[in-house]
Amino acid sequence: MKGGNRLNEKSTLLTAEAKEQFMLEAIKEAKKAEMINEVPIGAVVVIDGKIVGRGHNLREESQDATAHAEMYAIKEACKNVANWRLERAQLFVTLEPCPMCSGAMILSRVAEVYYGARDPKGGTAGTLMNLLEDDRFNHVAYVEAGILEKECGMLLTNFFRTLRDKKKLLKKQKKD
């Protein structure tokens with residue numbers, strides 16, 4: 001992992017309790033997505049200990065490939081602080097960011113990124129690659145994985161298990 005969880009000059013490390021508190025808020029967002037049959041991923045943006053942006057996945061509802069939790073949280077945060085630069089922000093997300101969301105975090109200059117579950121198929125905050133700590137970009141963010149990892153991972157595991165079970169049931173009903 002190039003960059004090795006270093007801090008940029010504007011970052012401040014949070015306590016373990018604060019990290020869990022904010023990840024629980026991201027989990028609440030993920031559960032909102034799950035309630036409407038979206039993949040349960042949630043995100044919050046925090047500045048100075050206050051949540052300034054929230055988001056959850058809405059890809060199916062909106063039929064928009066860019067409707068990721070992080071994108072909504074970043075957009076709301078920028079609107080609420082009246083600035084596209086989120087230089088003192090911490091972003092909490094239940095699943096490791098994809099390339100698009102990592103790019104949005106770099107472009108909006110998010111200082112710190114905390115995520116729950118790793119994404120072996122699309123994660124670009126340490127699993128497949130680490131865009132956020134790549135010093136070839138003009139901005140580098142601190143990255144920390146595994147915040148409430150079990151809880152975040154179980155949301156996804158249970159969602160996809162239920163989805164597979166529903167598909168099996170429908171297939172069986174069609175045969176009968």
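First, some housekeeping. This is a predicted model, where local features need pLDDT of at least 70, side-chain atom pairs count only at pLDDT 80 or more, and totals for chains, interfaces and linings use all residues. Residues are numbered from 1 along each chain as its sequence is written, and side-chain values use heavy atoms, leaving out hydrogens and water.

Let's begin inside. The largest nonpolar core has 46 residues, and M23, L86, F92, M105 and L132 touch the most other members. A nonpolar core here is a set of buried Ala, Val, Leu, Ile, Met, Phe, Trp, Tyr and Cys residues joined through side-chain atoms within 4.5 Å. Buried means under 20% relative accessible area, exposed means over 50%, and partly exposed is in between, with a 1.4 Å probe and protein chains only. Which elements supply at least two residues each of this core? They are helix 1 (16–35), strand 1 (42–47), helix 3, strand 3 (90–95), helix 4 (99–107), strand 4 (112–117), strand 5 (142–145) and helix 5 (149–175). Helices (H or I, at least four residues) and strands (E, at least two) are DSSP runs, numbered from the N terminus.

Now follow F92, one of those core residues. Beyond four places in sequence, its contacts include L14, F22, M23, V44 and Y114, where contact means heavy atoms within 4.5 Å. The whole structure holds four aromatic pairs. Rings of Phe, Tyr and Trp (its six-membered ring) pair if their centres lie within 6.5 Å, and planes under 30 degrees apart count as stacked, over 60 as edge-to-face and the rest as tilted. The rings of F92 and Y114 are stacked, because their centres are 4.8 Å apart and their planes meet at 15°. Since F92 sits in strand 3 and Y114 in strand 4, this pair ties together parts 22 residues apart in sequence. Both F92 and Y114 are buried. F159 and F160 make an edge-to-face pair, with centres 5.1 Å apart and planes at 80°. F159 is buried at 9% relative accessibility, while F160 is partly exposed at 34%. Ring pairs also join F22, F92, Y114 and Y142 into a cluster.

What about E70, buried or exposed? E70 counts as buried, at 4% relative accessibility. It is found in helix 3 (residues 69–81), and an unreviewed UniProt entry places the feature "active site" there, at E70. UniProt positions use the numbering here, feature names are shortened, and annotations may be inferred rather than shown by experiment.

Last stop, N57, in the loop between strand 2 (50–56) and helix 2 (59–62). N57 is buried at 5% relative accessible area, and a polar atom of its side chain lies 3.0 Å from the backbone nitrogen of A69.

Note on methods:
A polar contact is a pair of N or O atoms within 3.5 Å; within protein, one must be able to donate a hydrogen and the other to accept it, and residues adjacent in sequence count only if both atoms are side-chain atoms.
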